[in-house]
Structures are given as structure tokens and as C-alpha cells.
Amino acid sequence: MDYLATSSDPVKLRTQCLVLGISQGGKLSARGQNIDNATSGLIRQVIKSRDISGKAGETLLLPCCDGIQAKRLLLIGVGRQKDFDQAQAECFAQQAVKATRETAATELALCLGDLLAADESSYLAFRSAVIAADSALYQFNQCKAENKDPLIKLTRLNLLSVDGRQIRIANRAVDHAVAMAAGIKLTRDLSNLPGNICTPGYLAGQASAMKKEFRKLQVEILEESDMQKLGMGALLSVSRGSREAAKLITLNYRGAKAKDKPLVLVGKGLTFDAGGISIKPSAAMDEMKYDMCGGASVFGVMRAVVQMKLPINLIGVVPSSENLPDGDANKPGDIVTSMSGQSIEILNTDAEGRLILCDALTYCERFNPAAVIDIATLTGACVIALGKHASGLMSNHEPLAREILAAGENSGDRVWQLPLWDDYEKQLKSNFADMANIGGREGGAITAACFLSKFTRKQKWAHLDIAGTAWKSGAEKGATGRPVSLLIQFLLRRCKLDH
Ligand code: BES
Ligand code: MN
Ligand code: ZN
């Protein structure tokens, strides 16, 4: 889909579908006023007849209205005008796209600018609106032979702005949003692929393909023999129970000076998690194909950042393996030695994410990072603690945590911090090794992070547990692309480009 910002007059604009937000309380926006005047009071009449009240989510499609050039006029409730923010802009754009499913329109003009301030604060709302529109168009059809046609046939979305200044802001927002949306799409596509297609080898192949596409990107794939040499006993122990060879994928983007310390993102790339010998119950086990969503988000962020040519050095590291039961798989009680030299008693083979991540985190030390952020579908306990609305955030560096929290608020891709107090660490005590890989049921998201913290003592580090946010279950089953928006907002902010 093409996105553009113009300040066309909606009354004169020849568009297939003009979309106007109606706010609760009956006050029309500036554009609403113009359209109402041109259509001899049609908008007020419709509000008076109570066919639309302005409540967020309502939609009303009016065909061929006299007085305006648009073929259709779509009215969408946007809630109270004073509450209209980036989250409402998101809903507005999403509703607009979804409502066109019932029409033959292939192009939309969205009256968004007049609902926003004319200053830089509109940047986030424009950006969120474009990302939301693009997300609403998303379908995963790669594995279907039939019914592959897109449900919505939109090809162009025009963001109507109020003046030249707002157009410039909207255009910048569109540029960023288009790159972000491409990253989010890549993340969702990789995540939605089944475990028999998206294997560690497949992810490594995707990385190599990205390298061909983007000259600024270097890619390195470590094989199991390389990991052996590095002493990655924890990562390799998980992969031993699988017939697919583990891969450690590194994507390296140099957008800043060579001497600038890189930021490093580490994503859990467990392409299928059956639990191993501590096997999972079979209900909904298919969803454990999503156990590589952290890794997929690293791919998505890298893609967007390269496309945006951000002036930063960014490295993405994705440890990738399967976790399956097998005669050669980890057994409860097994003790392995990690690359850091610390030994780990594996009391539950289903706590495998931390085993592959700990070696990847130690590996990151060689990059001398400015900060490391890992992203992982790490614990069911995080979903119990926070539900599916916020990703869990844990960090050993408070300023970094605050930056991430702020990026969550600004992008609408929110996180909530959990404490990383020493009190929790005791739960990982083992009688036989330096630590156990589980800390009991209580505070499970935190003890998992405590485990990782033992491998990041030398680094400014934050951990994002995305077990609740990376995908949806039920009728809408599918990857969300989170936390790509959050991470890109974090990076844009660091570059002072988020406005
Ligand atoms: N990938 C799972 C975490 C998970 C479970 C994410 C369900 C989303 C939904 C992880 O590898 C795992 O199995 N964690 C265990 C840890 C436990 C054994 C300490 C869990 O959460 O049950
Ligand atoms: Mn597991
Ligand atoms: Zn897992």
C-alpha cells in the first residue's frame, strides 16, 4: 500500500472514500464542518438521527453524498475530542481500513490532521495510524493454495493534513511508519510460519537473504561446531535433542562511526518448543511455533533500521534451536557448562529459552555493547502476571529501563517493569551446580530474568518477556509483530529522530 500526506480540501477531493472522524459530544472538527456545509448539513443530520454518536468504534458508510466529490463518505466514531491521541488515531485508521472491506474502494482519504495538534506532537499519531492501517491489511497466506486473495483491496491511503508544516511532519511519520510496517510484517511472517518450515536453518537462510538485499548489513552464522569451540554447552544441550542443527545468527548493521559502541538485540529463536523430556501438555502446543518470536522481532527491527538508514550501530543476535524430547535430549538433573564457565543444573528441560539465551548473552560481550536488550517468549508466568497487554521488562540498569518504558508509552507497544531484586535469586540455588535453571512457580518471570542476569553482569542489560504479547490465540490466532514498534521507537529516540 502507498501512503501519502496532502492538504487537499476534502470537499473537492476526488477520492473513492473520504473518512471523517465523528467525536462524541457533537462538536465537528474543522474538516467535518466544511463537509457538513458542502452537503447542506448532512453530517449534523446523521448525528441528530443518532445513526452515529461518535463513540469510538462506530462506523457508518454513506454512498454518493451530494456536494462533495468523494464517491463514499465513511463516518467513524473517535470518542471524545479531548481524549484523541495516538491510540485513538490507531483505532481510527484500523477501523477505516476494515470498513472498506465491504466496499469496492481501492483508495482512502483520512481526515486525520484536523483531529491533531498542528505541531510536532502529531508525528506519533500519524505514524501509529499508518502502522495500524498496514497491520489491518495483513494476512498470512503463504501456506494456502486456495482463498489467497487479499480481503481488502486498498492500494493507497491519503493522510489529510491541515497545512504545509503538518504535511512535513506527516511525511516524516509516513517514511518511518513504512519502514516500521515492513519490519513488523517480516516479524509476523517469520513468526506465523510453522515449525516444520521455519527451522533454525530457515532463519539462517533468511539472514543470508537479507544480507544480499542490504549492502550495509553483515551476517555471520555460527554452526554447532563453532559453538562447541566457544564452549556454548548450555545452548548445545538444548539442540542435542533435535534433528535440526542449531544456528547462532548475527546481523550486524553499521550506520554510525566505527568507534561508536553498538546496541545489541538478542532474540530467542526457539523454532518449536515441545518442552523436551519435561514435555508440555498437548493442548495448544501448536502455539509453541511462536517460541521464536523474539528472534523474529530482531529480524524485523534490523530490517526497518537498515531501510531507515538510522545513524547507529546495531547488532542482532539470534540463537536458534528446537526443544524436543529424544534419546539424546537434556534430562532433568543434567548439568551443563555455559560459555561463561558457570555450570547449570537443568531441573526442567522446558526452561530451555534461558539456556540458549545465556550463551548468546555471553557471546555478546565481544561486541563491547553500549547496551544489550534481549527479547524472548520466556515464561508462561509473565502472561499470568501481566496478561497479554504489556510485555514484561526487567533490567540491571534503571536509566535503560526508563528509556524502554518511555518508548513503550510513545509507541503504544507497552511494557511494565518487574523487580530484579536479590531476594529472587536465591530461588535458583542448586545443590549440585552453580545454579539451577528454574526457581519454582513463584515469581517465575522474575526468576527467569534473574537467571539471565547472571550472564549479563558486565553489561547494561534489559530483558523483555514477550510471552503474552507476541501472538494472539483463538479465532484471531496470529503473530502481532510486537515488540518491533517499541524497539524502533527506542532506537529513534536515541537518534533524536522521533518527531
Ligand atoms: N516458551 C516457553 C514459555 C511460554 C509458555 C511462552 C507458554 C508462552 C506461552 C518456555 O520455554 C517455557 O516453557 N517456560 C516454562 C518455564 C518453567 C518450566 C520454569 C514455563 O513458562 O512454563
Ligand atoms: Mn520451554
Ligand atoms: Zn520456550
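A search of the whole structure, a predicted model, finds 5 aromatic pairs, where rings of Phe, Tyr and Trp (its six-membered ring) pair if their centres lie within 6.5 Å, with planes under 30 degrees apart counted as stacked, over 60 as edge-to-face and the rest as tilted. One of these pairs is formed by Tyr290 and Trp471, which are stacked at 5.1 Å centre to centre with 20° between the planes. This pair links distant parts of the chain, with Tyr290 in the loop between β10 and α9 (293–308) and Trp471 in strand β19 (residues 471–472), 181 residues apart. Helices (H or I, at least four residues) and strands (E, at least two) are DSSP runs, numbered from the N terminus. Both Tyr290 and Trp471 are buried, a term that denotes under 20% relative accessible area, with exposed set at over 50% and partly exposed in between (1.4 Å probe, protein chains only). The ring planes of Phe451 and Phe455 stand at 40° with centres 5.3 Å apart, so this pair is tilted; Phe451 and Phe455 are likewise buried.

Donors are N, O and S atoms within 2.8 Å of the metal (3.2 Å for Na, K and Ca); water is not among the atoms, so sites may look incomplete. The zinc ion (ligand 3) lies 3.1 Å from the manganese ion (ligand 2), and Asp273 coordinates both. Asp273 belongs to strand β10 (residues 269–273), whereas Asp350 is in the loop between β13 (343–346) and α10 (353–364), 77 residues apart. Asp273 is buried at 3% relative accessibility, while Asp350 is partly exposed at 22%.

Backbone features were also identified. The peptide bond from Arg482 to Pro483 is cis, with omega near 0°, and Pro483 lies in the loop between β20 (478–479) and α15 (484–494). Ala284, although not a glycine, has a positive phi of about 60°.

Residues are numbered from 1 along each chain as its sequence is written, while chains are lettered from A and ligands numbered from 1 in the order in which they are written. In this predicted model local features need pLDDT of at least 70, side-chain atom pairs count only at pLDDT 80 or more, and totals for chains, interfaces and linings use all residues, while side-chain values use heavy atoms, with hydrogens and water left out.
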